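Please open the structure in your viewer and keep the selection tool at hand. The stops below say what to select next and what is there.

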Amino acid sequence: MAINFDKAFGIHESALNLKAQRAEVLANNLANADTPNFKARDIDFDKALQVAVSNQHSGLRRTHFNHMDSNIGNEIPGLSYRIPLQPDTGDGNSVEAQVEQTKFAENSMHYQASLTFLNSKIKGLLTAIKGE
Amino acid sequence: MSLYNIFDVSGSAMSAQTVRLNTIASNIANADSVASSTGEVYKARHPVFSTIMNDTLQSQNSGMAGGVRISGIIESKADAVASYQPENPMADEEGYVYSPNISMVEEMANMISASRSYESNVQVANMTKSLLSKTLSLGQ
């Protein structure tokens, strides 16, 4: 039985990618904590992972190099605006720094969990290859 | 790799907050500088933040913003405060000097807000750094 490297890492590869993307969205929220009219966003992880695993592609695909490039449907799946806990303070900004900071910390821990899973998968493969 | 973009995002926020701190320092430093007319008097300055909609990012993952920038610095429209000081060399013919209408309380609160925002962006960059270095040592 051959080792299939495509399947070896399973769900963790897409999960790690999504967590990196989510970290970027959350970092952007924190960066814009003082920007007027900025609305905080977040990625719905369950939804995004389902799309990533089933490998759905809802975007328009370019079939000819003369065709215009379109981004419709290429958005990150599950990316949407966060519902603020407190009413608007007057500048139209919906970032709540404490929420974003805890979400970022939580996401970082999940990222490290994915890394740990991947590491043990790699160790397992190495053991299988070396046959020790 | 989107983790690398976080450094740009947090870095842009840190420089924006630095500009904010800079204007606050200028406002506080000039709180007591007087002038002989309302036109010459120092006006409090405030930066205006706006989101960067990054085109290169947008092509990869549509709608993704790439940090924050200063879109302009506005001058306060508050009227100068006139005070009667005939002995002041800057006094006009009627003996009045004009000082800027700067609220020290507002500036100090603004300063704390700016430094807290700066700190949270530093934390984000630090956390990203440790995540990246762990990713780079994957499988070792």
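A nonpolar core is a set of buried Ala, Val, Leu, Ile, Met, Phe, Trp, Tyr and Cys residues joined through C-beta atoms within 7 Å, where buried means that 20 or more other C-beta atoms, placed from the backbone, lie within 10 Å of the residue's own. This is a predicted model, in which local features need pLDDT of at least 70 and side-chain atom pairs count only at pLDDT 80 or more, while totals for chains, interfaces and linings use all residues. Residues are numbered from 1 along each chain as its sequence is written, and chains are lettered from A and ligands numbered from 1 in the order in which they are written.

Select Ala23(A), Ala27(A), Leu30(A) and Phe104(A), which have the most contacts inside the largest nonpolar core, a set of 30 residues. Two or more residues of this core come from each of α2 (12-31) and α4 (97-130) of chain A and α1 and α3 of chain B, helices here being DSSP runs of H or I with at least four residues, numbered from the N terminus. The largest share, ten residues, belongs to α2(A).

Next, centre on Leu30(A): beyond its neighbours within four places in sequence, its contacts (C-beta atoms within 7 Å) include Phe104(A), Ser120(B) and Val124(B).

Finally, show α1 (residues 2-29) and α3 (residues 104-136) of chain B, which pack at about 160 degrees with axes 9 Å apart; the axes are lines fitted to C-alpha atoms over the stretch in contact, and angles run from 0 to 180 degrees between N-to-C directions. α1(B) and α3(B) are therefore roughly antiparallel, a term for angles over 145 degrees.

Notes
Angles under 35 degrees count as roughly parallel, over 145 as roughly antiparallel, 65 to 115 as roughly perpendicular and the rest as oblique. A residue is buried if 20 or more other C-beta atoms lie within 10 Å of its own, exposed if 12 or fewer, and partly exposed in between; C-beta atoms are placed from the backbone. Two residues are in contact if their C-beta atoms, placed from the backbone, lie within 7 Å.
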